[in-house]
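Subject: Structure handover

Hello,

Here is the structure for you to look through. My notes on it follow below.

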Amino acid sequence: MVHLEMEIDKYMTPSEAAYRWGVNQETVKNKLKPSLNKDEIEDFTKRGLIKSFMRPDGKRREWIITTDAMEIWFGKKR
């Protein structure tokens, strides 16, 4: 049986991305830390590879990561 990737499967939380790629969740979170990767985060955001949201009164940013971003960072999914 051939698995067809649905459009929604191209977008995931950092937790799901780490699970799907078999990497530590902290490794993925570190990719999203401006103190470590400011230029890459800006580039990936402009290219539509990652997205973040923080409520105006919020303290924590939420992220959505594409499969394309994960493949750039960690290669094809195992």
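Not counting residues up to four places away in sequence, which residues does glutamine 25 touch? Glutamine 25 touches Ser15 and Ala18, where a contact means heavy atoms within 4.5 Å. Before the rest, two notes on the source. This is a predicted model, in which local features need pLDDT of at least 70 and side-chain atom pairs count only at pLDDT 80 or more, while totals for chains, interfaces and linings use all residues. Residues are numbered from 1 along each chain as its sequence is written, and side-chain values use heavy atoms, with hydrogens and water left out.

Overall layout

The chain has four helices and three strands; helices (H or I, at least four residues) and strands (E, at least two) are DSSP runs, numbered from the N terminus. Along the sequence the pattern reads β-α-α-α-β-β-α. Taken along the principal axes, the C-alpha atoms fill a box of roughly 45 × 20 × 20 Å. Of the 78 residues in the chain, 27% are buried. Buried means under 20% relative accessible area, exposed over 50%, and partly exposed in between, with a 1.4 Å probe and protein chains only. Among contacts between residues at least 6 apart in sequence, 50% join residues at least 24 apart.

The sheet

The three strands form an open sheet in the order S1-S3-S2, with antiparallel pairing. Strand S1 (11-12) and strand S2 (50-53) are the edge strands, each pairing on one side only. Two strands count as paired if DSSP finds at least two bridges between them.

S1 and S3 are joined by two bridges. Tyrosine 11 has threonine 66 in S3 as its bridge partner, and methionine 12 stands opposite isoleucine 65 in S3. S2 and S3 pair over four bridges, also in the antiparallel sense. On that side, isoleucine 50 is bridged to isoleucine 65 in S3.

H4 packs on the sheet and touches S1, S2 and S3. The direction of H4 makes about 80° with that of S3; axes are lines fitted to C-alpha atoms, for helices over the stretch in contact, and angles run from 0 to 180 degrees between N-to-C directions. Threonine 67 is in helix H4. Threonine 67 counts as buried because its relative accessible area is 8%. Leaving out residues up to four places away in sequence, threonine 67 touches Glu5, Asp9, Lys10, Met12, Arg20 and Trp21.

The core

A nonpolar core here is a set of buried Ala, Val, Leu, Ile, Met, Phe, Trp, Tyr and Cys residues joined through side-chain atoms within 4.5 Å. The largest one has 16 residues, of which Ile50, Ile65, Ala69, Met70 and Trp73 touch the most other members. Helix H1 (14-21), helix H3 (34-46), strand S3 (62-66) and helix H4 (67-74) each give two or more residues to this core. Beyond its neighbours within four places in sequence, isoleucine 50 is in contact with Leu32, Ile41, Phe44, Thr45, Trp63, Ile64, Ile65, Ala69 and Trp73.

Helix H3

H3 is not straight: there is a kink of about 45° centred on glutamate 40. The bend at a residue is the angle between axes fitted to the seven residues ending there and the seven starting there. H3 has 13 residues, but its end C-alpha atoms are only 15 Å apart, against the 18 Å that a straight helix would reach. That expected span is 1.5 Å times one less than the number of residues.

Asn37, Ile41 and Phe44 of H3 are buried. The cover over the buried residues of H3 includes helix H2 (25-31), S2, S3 and H4. Lysine 46, also in H3, is exposed because its relative accessible area is 73%. Just after H3, glycine 48 takes a positive phi of about 75°.

Back to glutamine 25

Glutamine 25 is in helix H2. Is this residue buried, partly exposed or exposed? Glutamine 25 is partly exposed, because its relative accessible area is 32%. From glutamine 25 to phenylalanine 53 is 28 residues in sequence and 19 Å in space, C-alpha to C-alpha.

Regards
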